[in-house]
Amino acid sequence: MIKRKKNTVFLGSVLLIMAVAFFSFTEKNIIDTEKKEYYRGVIEENHSTNESSSFQIIERNEKITIESDTEENSSGRVEENSQYSNNSNIYRRNDNTSSYNSEEDNRFAEIEEEEEDLVEVEDEEDTIVSSKKTSSTTTKKNGWYTKNGKKYYYNNGKKLKNTYVDYIYLNHNGVAQAKVGHFSATLYGARAWANQTLNIRKKATSSSKIIGNVPTGGKMVILSEENPNTKYIKVKYNGTIGYVYSDYLYINLPDVIPDAVYKITNASHSIYKSAGKRISGVTGENLYGYTKKYNAKIGKNTYYAPLLYPVAKQLQKAYNIARKQGYNLKIYDTYRPYDVSVKINRSFRNLYNSNKSVKKTINYDKSGQYWGPTWFLANSVSRHNRATALDLTLTDENNKELSAQTPMHTLDTRSLRKYNNAVAKKLSSIMTSAGFETLKSEWWHFQEDNYKSSPYTSFKIR
């Protein structure tokens, strides 16, 4: 009887062990199957292109619009999905890429997925999980990524939003927006000032309803390229979004041509001299009342450099020519308030009238030809007061300034164009090829005479 009980217990133990083994094997197969299904689903999701992208570029009458950012309904009300933030940050790559075209996908790093060895999982931390047969690693995303036709930029695993990268704007969802306009950097977010009181209109036509005004010197943020037919451009001023006439804007050059060199000496320490003599109250002074500051749109410290909008477009052509030939443009002055010109001219005349050596160098060139002080500083209104002129020189491809026959802003006959050396001649060739006019007395001065009737102003840039 005891022996039969022992056999029964033994048999029960064997059956229990077999049952546990069977259920463990079955559970493992179920778990493995679920894992395979999960990763297969991730791969299929990452490879799927069925989801339509909201990032689309549509060309109508050579005007580029971004469907995902700006829409105008039948009533004409302008709706903005995202705005430029003055507190935004910028991240730059080392290859100095300065523009983005939605059709050039090869400029962005695509996400690569290997179905067997590598599986990408996007979670809140935006990490890439690599599952290998022999090892397992986790790395954070960095750089450009494309998903469902949209471009994103990651910095140490974080998707950047409402900022600029490589001069490309990323909206509030982190989606890269197509470059607006034909400058080196996107027009979107560029700053501009009104050269007279401007009407803000509801639509991009002169007959559209007026919804606000911008005073002379009022600073705006540009939101679109100008309409090629009406020249109206979309801006934001003190919370009002609408359209103003683009020919009446001074645009900040570093915002749109960021890789030119800017050294606005009148906004730090003026370098004006004549016959080697300092001009009292001018030389060494900050004449403009502002100085170099951080520019969040381009991610570096630089000066304001306002230029009339259509003249800035012309300068972009000159910049492109210079870069193609292995040079860069170094800009020393653009818009000059009228009252500053009056001050400089008054002090310059005092030096001219009090120093015979200076007077002689201003009046006569090496051949004895007479010139006089008005050739070097205008007695009345200067093209600089209209923001249609600029003073600049050339650098090499490493931004090292090349020497002309005299230093910049040497106000005497040694600076005449007839004495141009090879550097000044090359500069003149580049600028005139882009449509600029020259000034016989200053090798560094170039202007656009098609806008010589543009208003002159005295407002201070802030």
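**Exercise 1. Are Phe183 and Tyr309 buried or exposed, and what kind of aromatic pair do they form?**

Both Phe183 and Tyr309 are buried, where buried means under 20% relative accessible area with a 1.4 Å probe and protein chains only, exposed means over 50%, and partly exposed is in between. Before going on, note that this is a predicted model, with local features needing pLDDT of at least 70 and side-chain atom pairs counting only at pLDDT 80 or more, while totals for chains, interfaces and linings use all residues. Residues are numbered from 1 along each chain as its sequence is written, and side-chain values use heavy atoms, leaving out hydrogens and water.

Next, the pairing rule: rings of Phe, Tyr and Trp (its six-membered ring) pair if their centres lie within 6.5 Å, and planes under 30 degrees apart are stacked, over 60 edge-to-face, the rest tilted. That gives 17 aromatic pairs. In one of them, Phe183 and Tyr309 sit edge-to-face, 6.1 Å centre to centre with 65° between the planes. Phe183 is in the loop between strand 12 and strand 13 and Tyr309 is in helix 3 (residues 309-324), so this pair ties together parts 126 residues apart in sequence. Helices here are DSSP runs of H or I with at least four residues, strands are runs of E with at least two, and both are numbered from the N terminus.

**Exercise 2. Which side chain of opposite charge is nearest to Lys179?**

Start with the place: Lys179 lies in the loop between strand 12 (168-170) and strand 13 (191-194). Lys and Arg count as positive, Asp and Glu as negative, with His and the chain ends not counted. The nearest opposite charge is Glu225, 8.4 Å away, and buried Lys179 has no salt bridge (a side-chain nitrogen of Lys or Arg within 4 Å of a carboxyl oxygen of Asp or Glu). Still, a polar atom of the Lys179 side chain lies 2.9 Å from the backbone oxygen of Phe183.

**Exercise 3. Which residues does Ser347 touch, leaving out those up to four places away in sequence?**

First, find Ser347 in helix 4 (residues 338-354). Its relative accessibility is 15%, so Ser347 counts as buried. Now the contacts (heavy atoms within 4.5 Å): Ser347 touches Ile279, Ser280 and Val282. Look at Ser280, 67 residues from Ser347 along the chain: their C-alpha atoms are 6.3 Å apart. Finally, a polar atom of the Ser347 side chain lies 3.2 Å from the backbone oxygen of Ser280.

Terms used:
Polar contact = N/O pair within 3.5 Å; in protein donor to acceptor, adjacent residues only side chain to side chain.
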